[in-house]
Amino acid sequence: MKALVVDYAGVFTDDGMPEVVATMRARGIKTALLSNADAVPAGLPDVFDAVVVSGVAGVAKPDEAIYRHAAQLLGVGPGDCVFVDDVARYVRGAVQVGMVGVHHRDLESTVDELAVLFGLAAAADQFEAEDGGGGGDVE
C-alpha cells in the first residue's frame, strides 16, 4: 500500500486521527482527504498531499469517479490505496474501484487495521521482541 485516503467528518475529526495521518505521511505514505463536503474544511492541518471535496470535484461518494480522482491526484492506482470512512456504503464504493476499505468505528481499531495494511505491525512486533516485550510505545 502506498496511499492513505480518509474521510473528514467522523474519521479525521476523531481525536488522534490527525496525528495518525501525519505519522503515516512522515513514513512516506501519500495521504489524501476525501469528503462529501461542499468546500475544503476550514483550519485543515497540513498533513495531506491531496484534498478532494465533492463540492469542488462535482461528484460525491460513493460514485467511483471520486475515488479514482483521489488516487490520481496522489499519483497511484486505486489498488495502492487504503480508504477509511465511517459510512459502510462509502467504504464499499472504494472497494469497488480496487481500494482496500477500512470501516472506521473507533481510533484504536482503525490504527490496528492500518498497522497491518501498511506493514507497521511487523515493526511493532520487532520492537517488542528487542525490548523484551514489556515496555514502550511504538509510534
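Two notes before we start. This is a predicted model, where local features need pLDDT of at least 70, side-chain atom pairs count only at pLDDT 80 or more, and totals for chains, interfaces and linings use all residues. Residues are numbered from 1 along each chain as its sequence is written, and side-chain values use heavy atoms, with hydrogens and water left out.

First, the fold. The chain has seven helices and five strands. Both are DSSP runs, numbered from the N terminus: helices are H or I with at least four residues, strands are E with at least two. Starting at the N terminus, the order is β-α-α-β-β-α-α-β-α-β-α-α.

Next, burial. The chain has 139 residues, and 36% of them count as buried. Buried means under 20% relative accessible area, exposed means over 50%, and partly exposed is in between, with a 1.4 Å probe and protein chains only. The chain exposes about 7,100 Å², and carbon and sulfur atoms supply 49% of that. Those areas come from the Shrake-Rupley method with a 1.4 Å probe; for residues, only the protein chains shown count as cover.

Now contacts, meaning heavy atoms within 4.5 Å. Take the contacts between residues at least 6 apart in sequence: 53% of these join residues at least 24 apart.

On to salt bridges. How many does a search of the whole structure find? Five. The rule is a side-chain nitrogen of Lys or Arg within 4 Å of a carboxyl oxygen of Asp or Glu.

Start with Asp 7 and Lys 61. Their closest N and O atoms are 2.8 Å apart. Asp 7 sits in the loop between β1 (3–6) and α1 (8–12), and Lys 61 in the loop between α3 (54–57) and α4 (64–74), so this pair ties together parts 54 residues apart in sequence. Are these two buried or exposed? Asp 7 is buried, at 6% relative accessibility. Lys 61 is buried too, at 4%.

Arg 25 and Asp 49 form another salt bridge, at 3.1 Å from N to O. Arg 25 is in helix α2 (residues 17–26) and Asp 49 is in the loop between β2 (30–35) and β3 (50–53), so here the linked parts are 24 residues apart in sequence. Arg 25 is partly exposed at 28%. Asp 49 is partly exposed at 41%.

Then Arg 68 and Glu 64, with closest N and O atoms 3.4 Å apart. They are four residues apart in helix α4, which means about one helical turn separates them. Arg 68 is partly exposed at 40%, and Glu 64 is partly exposed at 32%. Back to the network: salt bridges with shared partners join Asp 7, Lys 61 and Asp 85 into one.

Stay with Lys 61 for a moment. A cis peptide bond joins Lys 61 and Pro 62, with omega about 10°. Pro 62 lies in the loop between α3 and α4. For background, most peptide bonds are trans.

Last, the surface. Which residues form a negative patch? Asp 106, Glu 108, Asp 112 and Glu 113. A patch takes residues with over 30% relative accessible area and no salt bridge, and joins like charges within 9 Å. Asp and Glu count as negative, and the charge is placed at CG of Asp or CD of Glu. One of these residues, Asp 112, lies in helix α6 (residues 107–117). Asp 112 is partly exposed, at 46% relative accessibility.

Conventions
Patch = residues over 30% accessible without salt bridge, like charges linked within 9 Å, V, L, I, M, F, W, Y side chains within 5 Å.
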